[in-house]
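Please open the structure in your viewer and keep the selection tool at hand. The stops below are meant to be taken in order.

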Amino acid sequence: MSYELGKRLVIGVASSAVFDLTESDQVFKSKGEAEYRKYQAKNIKKPLNKGVAFSFIKRLLSLNDLSDDPSEDPLVEVVLLSRNDPDTGLRVMKSIEHHHLQISRAIFMQGKSPYEYIPALSISLFLSGNLSDVREAIKRGYPAGHVLSSTIIDEEDDDDLRLAFDFDGVLADDESETVMHNTNDLKQFHNHETKNILQPHTPGPLKEFLVKISAIQLREENKKKIDTQYKNRLRVSIVTARNAPSHERALNTLKKWGVMANDAFFLGGVDKGLVLGVLKPHIFFDDQSGHLSSTSKVAPSVHIPFGIKNIVEPTE
């Protein structure tokens, strides 16, 4: 009987998202593939340091203890998707083992991006430090994010997992962002949202990821009914540039999808970094680079290169 991935939350990660590959990449770029192979072989027993998405992945996998059978029927599955070949990727697998990450499945494709396997593996989120791979995945309609160089939050005595999402262009599509982009008129934006207040947004790249996260939150609520001492670990926050009256359509959309955020910050243009510096999420997703330049200084930040704000203008 085959192992079913479709009923689980499946995350695909490149080694560049989970580990710090700065030194390895420098060897590859400056000395070429042959020296890179020698370097990895020489350092095969030297574990790679934690990368930006490490704490997110570690804490997400820890939620498998909510399953009745964590080893055989986990709620979360993480699959390594690597541009390395199996030989040079061995150091990554040994680093996974060293850091006690419960990741056993991997795809190695020498010099090629493995994003084409996202639908085959029922992946709800693909994280990579390679922007071109992420852009191509998004172009094909796959849920993907570019992990930026940013502050890592991973306090050992903190068991929580805090996820923060922008709304437009991340959870929802860019319909409303397009109105604002084309008119540059906040009043017209609010009028559009008020007019369509009961019309749910079309899903954006990470909608299904949020739905599956919400299913795990429901598991926590059910566990609390059995164990009154249990404290919820998973917390979801919406951090958006929207403000009243456009907030209501966003909330109605989440309800229509059957999900609910624990927190919502409708900032109306206030610097998101100020809020995230207090919230301290273990990962934050936004489609606008301008916002991420601030948030990356205080929290692990992921760029979702989707929608009107990410149209790459042709060069002359």
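The model is predicted, so local features need pLDDT of at least 70 and side-chain atom pairs count only at pLDDT 80 or more, while totals for chains, interfaces and linings use all residues. Residues are numbered from 1 along each chain as its sequence is written, and side-chain values use heavy atoms, with hydrogens and water left out.

Begin with the strands (DSSP runs of E, at least two residues, numbered from the N terminus, as are helices, runs of H or I of at least four). An open sheet of mixed pairing holds 10 strands in the order β3-β2-β1-β4-β5-β10-β9-β6-β7-β8, where pairing requires at least two DSSP bridges between two strands. Select β3 (105–108) and β8 (263–266): these stand at the edges with a single partner strand each, so one side of each has no neighbour in the sheet.

Next select β7, residues 234–240, which pairs with β8 in the parallel sense over four bridges; here Ser-237 stands opposite Asp-263 of β8. β6 and β7 are also parallel, over five bridges, and Leu-161 has Leu-234 in β7 as its bridge partner. Six of the seven residues of β7 are buried, meaning under 20% relative accessible area with a 1.4 Å probe, protein chains only.

Terms used. Buried means under 20% relative accessible area, exposed over 50%, partly exposed in between (1.4 Å probe, protein chains only).
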